[in-house]
Amino acid sequence: MARPMKKLPPSNDPLVAFARDLQALRKQAGDPPLATMAQHSGLSTATLSNAHAGKKLPTWATVNGYVLACGGNPEDWSARWENLRLAAAGVTGDLCREALRRWERTGNLTPPQVSDEGELRELLKTLLDFNGLSHRTLAQQAPGYSHVTYGAVLRGARPLRAKILYQILIGCGVHSLRSQEAWFHLLTRFSWREGVEGGKLLARVEQPLRYAGDIDMKMLKAILERLERGRGLFAADIVSYDSVNALRTAYEDMLALLLSSLQRSHIQLPNKLGYAFNQVVRELRNSSIPNPTAIAALVPLAMPFHPRLRTRVVMALKNAGEMLRRADNGELSVRGPSGLRRPMSQRAPSAPFQHTAPAAS
């Protein structure tokens with residue numbers, strides 16, 4: 001039997017209301033034990049318990065896992081969580097609010113100008129917030145330092161070194177060389193020596209790593225959850241019109257996100273890779289399943305710094321593509337109000353890719 005959740009105070013505070021609704025979602029799901037939710041979400045029971053405690057805004061990764069463990073749709077919670085995050089950012093001033101809005105609007109994770117090193121640290125905290133990262137998850141994505149070290153640096157208890165800044169940027173999806181240069185330019189204003197060290201770091205970046213542009217890691221993980229969840233329904237033989245539709249949308253959203261990352265780098269792809277990029281974009285626009293070989297060649301360029309996550313993305317796209325091809329070829333019995341789904345080539349894409357492919361050299 002699940003341990004009863006602590007009753008929240010009768011408050012109109014948005015954070016408390018958010019926690020109250022998370023508790024309601026859990027009750028609607030039959031009040032599953034936290035241990036069961038932890039198995040389904042990959043989160044600890046303590047993290048899940050804190051999420052509905054109403055004392056602190058949970059990270060997006062926590063909200064995403066909590067909602068999925070209760071059978072809900074994380075997309076229904078995303079906008080509300082974003083509003084809470086922006087409200088919380090108000091304590092750091094208009095600078096961080098401006099940065100959040102710019103990153104959400106453009107996808108380019110470049111920093112605004114700051115007046116001192118303290119503001120630079122606050123901006124880095126906002127970058128973690130944008131990605132829904134705790135210090136511990138940052139350490140998992142950027143394993144150069146421990147979560148204790150990252151926390152001390154961001155609090156100002158330890159110096160902000162160039163190597164630590166680089167790892168923070170990589171962990172937060174700042175993969176574009178131009179964006180990294182902009183952050184190190186700010187560091188140079190407050191520490192000339194560390195700025196020089198940063199320049200040396202960027203000068204040693206290998207050519208394949210230069211093709212990546214900035215990528216919203218929070219969005220990528222949310223789409224990946226949708227992809228893997230949809231594939232799981234197919235594996236369980238729950239093939240309905242809605243499940244095919246959801247898997248196709250997640251598949252196209254993931255490809256659009258990765259292709260956008262490559263384009264943001266503004267670096268010309270080699271001839272072979274440029275052809276693969278154009279091929280994937282063309283097939284997406286024609287509402288067909290892109291060549292898996294072309295996709296496999298582009299994914300490492302779009303997200304070169306997270307090998308484990310990259311492997312999950314490649315496998316999820318491969319599996320989803322195979323299932324969608326089978327559905328389009330009539331090899332699956334798809335149940336639903338509209339019967340069998342029309343082949344992908346006979347419908348408009350749900351999320352057309354709007355960008356122009358980089359020219360091949």
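Q: What share of the protein's residues count as buried?
A: Of its 361 residues, 49% are buried, where buried means under 20% relative accessible area, exposed over 50%, and partly exposed in between (1.4 Å probe, protein chains only). Keep in mind that this is a predicted model, where local features need pLDDT of at least 70, side-chain atom pairs count only at pLDDT 80 or more, and totals for chains, interfaces and linings use all residues. Residues are numbered from 1 along each chain as its sequence is written, and side-chain values use heavy atoms, with hydrogens and water left out.

Q: OK, new topic: how many helices and strands?
A: There are 17 helices and zero strands. Both are DSSP runs numbered from the N terminus: helices are H or I with at least four residues, strands are E with at least two.

Q: And how many aromatic pairs?
A: Five. Rings of Phe, Tyr and Trp (its six-membered ring) pair if their centres lie within 6.5 Å; planes under 30 degrees apart are stacked, over 60 edge-to-face, the rest tilted.
A: One of them is Trp103 with Phe130, edge-to-face at 5.8 Å centre to centre and 70° between the planes.

Q: Where do those two sit in the chain?
A: Trp103 is in helix α6 (residues 94-106) and Phe130 in helix α7 (residues 117-130), 27 residues apart. Both are buried. Ring pairs also join Trp103 and Phe130 with Trp183 in a cluster.

Q: What about Tyr150, buried or exposed?
A: Tyr150 counts as buried because its relative accessibility is 0%.
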